[in-house]
Amino acid sequence: MIGNITLAFLITGYAGLILPGCENGSVLTEKDAFIKSQALDDNTESGSINAQSLTDLAVLSEAFDHQYSNIQVRQTGTIIKILPDDTNGSRHQRFIVRLNSGPSVLIAHNIDLAPRVEGIKEGSTISFRGEYEWNSKGGVIHWTHHDPQGQHEHGWLIYDGRRYD
């Protein structure tokens with residue numbers, strides 16, 4: 001027979017309630033804890049970015065190695081290939097950026113919601129803030145623009161001193 005105290009713990013645990021003097025907050029998965037640890041402040045209104053505000057390149061490496069997605073990142077790299085726009089559904093300007101540590105990511109910038117980045121050239125530097133999505137080629141950065149519905153973190157691109165969001 002289950003005692004009253006045991007029954008109270010079972011009901012409380014099942015209902016997700018907190019007992020006085022006990023901690024039973026939500027349990028984070030390894031991926032959730034990793035994503036939460038990468039929260040970013042956005043202070044780049046001036047169209048410039050400093051090295052201290054960049055996402056550690058080890059974070060992107062870990063995201064790639066563990067196939068993590070939905071991670072807000074901020075980084076700078078060199079444009080190594082400009083691709084044709086993706087015109088299926090929302091239009092996206094696309095280019096591949098090599099990060100300083102060597103890996104490359106595809107930037108998919110929604111040009112239905114943000115201005116096209118003008119004058120981009122292979123070999124030039126671009127900074128970005130967006131959401132990393134894993135793929136086998138290195139990953140995709142998207143959400144490099146504002147969210148008109150206000151439900152997603154805003155992103156941006158900075159190229160040649162101009163911010164595109």
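I started with the largest nonpolar core, which has 20 residues; Phe95, Val97, Ile107, Phe128, Tyr132 and Leu157 touch the most other members. Helix H3 (57–65), S1, S2 (92–99), S3 (104–110), S4 (125–133) and S6 (156–159) each supply at least two of its residues. I took a nonpolar core as buried Ala, Val, Leu, Ile, Met, Phe, Trp, Tyr and Cys residues joined through side-chain atoms within 4.5 Å. Helices (H or I, at least four residues) and strands (E, at least two) are DSSP runs, numbered from the N terminus.

I noted that this is a predicted model: local features need pLDDT of at least 70, side-chain atom pairs count only at pLDDT 80 or more, and totals for chains, interfaces and linings use all residues. Numbering runs from 1 along each chain as its sequence is written, and side-chain values use heavy atoms, without hydrogens or water.

Next I looked up Gln75 in strand S1 (71–86). Gln75 is buried at 2% relative accessible area. Buried means under 20%, exposed over 50%, partly exposed in between (1.4 Å probe, protein chains only). Its contacts (heavy atoms within 4.5 Å) include Leu54, Leu99 and Phe128.

Then I checked salt bridges (side-chain nitrogen of Lys or Arg within 4 Å of a carboxyl oxygen of Asp or Glu). The count is 4. Arg116 pairs with Asp85 at 2.3 Å. Arg116 lies in the loop between S3 and S4, and Asp85 in strand S1, 31 residues apart. Arg116 is partly exposed at 30%; Asp85 is partly exposed at 29%.

I also found Arg163 with Asp165 at 2.9 Å. Arg163 is buried at 16%, whereas Asp165 is partly exposed at 30%.

Definitions and conventions
Lists of a residue's contacts leave out its neighbours within four places in sequence.
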